[in-house]
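Have the model open while you read.

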Amino acid sequence: MKHIFITGGAGFIGSAFVRLILAERPQWHITNFDALTYAGNLDNLDGVDAARHRFVRGDIANREAVLAALDTDTAAIINFAAESHVDRSIMSADEFLRTNIIGTQVLLDAARAKNVKRFVQVSTDEVMGSLPEDDAAFFTEDSPFAPNSPYAASKAAAEHVVRAAHHTHHLDTVTTRCGNNYGARQFPEKLIPLLITNAMNDESVPVYGDGQNVRDWIYVDDHARGILAALERGASGATYCFGAREPRRNIEIVRSILASLGKPESLITYVTDRKGHDRRYAIDSTRAETELGWRPLETWESGIAKTIRWYADNAKWIERVRDGAYQAYYQQQYGAPSRAPTL
Ligand code: NAD
Ligand code: TYD
């Protein structure tokens, strides 16, 4: 039996990773440590095998809580827990610095205190900033740090404290950097689930700026398999970039998803651009492919079809996450409720 400690496992990517481990590593069991912020949701863990999955509600920035939950037999910590939405970091950065930086340092200290063998930091391509609009430019593990949003800056700082723990204390660490994920159970503040859930309700779909920004999209289960490969086969101290070579302009995505849902393009509303909006992300995952033997299994077409189907089949999940707090966020971000109040 191998015991792993996952943080943020009630969120979008963390819960996909929990499912992957329970399905593909029958000898492993999981402690899932999550604060259940607005983005964490126990519904995301519906149906997981309780015999091999222990959920602990707790804050990664709370040292005592982490030490109390972390058993000495833990083989690895995989740190998904984060404040993860760029627009919220523009409204207020405090929680991003606390969770993403202090929380990561607390976990690193706890890993050393409890002799945890390996530490995996789940990071993002956004630490490398924005690429020029030149199809030949890609992020690699050697691209310089150039974070542009408070979110990206906090994730870059987290990478630095992980690097320092490896260099100074010889902690066995691996860092993964991934592009934009999409798939089931993503909170509808991010572009794709916001677009699907709004359009399904015939609500307008906000597109920032000119809609020409490019993101490199990867299906969440492919990212989860990449993290598992990095955990099992990554070199100590190394960083691995994951992307599916599926770059798309935002407006292309919006149009194609509206078409798949049978909804009119008149739902598209161009809104004021995000402050400091990164223009283009694109990832070269050659290192992950050659050193880890990883490759994505889904194409954009197959992944987005599964994603749309999941949202169509999970109206209850959508209804619960689009609660009062979500409506308040939506009002603050977009200046209008996502839906008219029911009279
Ligand atoms: P998410 O916002 O859906 O989930 C984050 C989870 O962390 C939630 O369950 C939340 O409750 C938990 N959490 C937040 N603060 C916490 C704290 N202080 N203590 C304990 N738990 C806390 O995020 P996600 O999209 O699943 O992203 C997971 C990780 O992957 C993040 O580290 C993010 O930076 C990284 N990442 C995300 C993407 C993407 O496209 N979503 C791409 C690359 C990397
Ligand atoms: P998002 O899903 O927030 O991911 P990230 O900012 O981490 O890349 O946004 C993806 C792209 O979609 C980004 O260019 C911003 C844009 N976007 C919109 O145009 N409208 C929206 O309402 C949102 C949330 C994002």
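Which element gives the largest share of the shell around ligand 1? That's β5, with three residues. Keep in mind that this is a predicted model, where local features need pLDDT of at least 70, side-chain atom pairs count only at pLDDT 80 or more, and totals for chains, interfaces and linings use all residues. Residues are numbered from 1 along each chain as written, chains are lettered from A and ligands numbered from 1 in written order, and side-chain values use heavy atoms, leaving out hydrogens and water.

**Around ligand 1**
- The shell holds 28 residues (near means a heavy atom within 4 Å), and Ile13, Asp34, Ser84, Tyr151 and Lys155 come nearest.
- By class, the shell splits into 13 nonpolar, twelve polar and three charged residues (Gly counts as polar, Tyr as nonpolar).

- At Phe80, a backbone N or O atom sits 3.0 Å from an oxygen atom of ligand 1.
- The protein covers 96% of the 830 Å² of accessible area that ligand 1 has on its own (Shrake-Rupley, 1.4 Å probe).
- Elements giving two or more residues to the shell are α1 (12–24), β5 (118–124), α5 (150–169) and β7 (180–182) (DSSP runs: helices H or I of at least four residues, strands E of at least two).

Terms used. A polar contact is a pair of N or O atoms within 3.5 Å; within protein, one must be able to donate a hydrogen and the other to accept it, and residues adjacent in sequence count only if both atoms are side-chain atoms.
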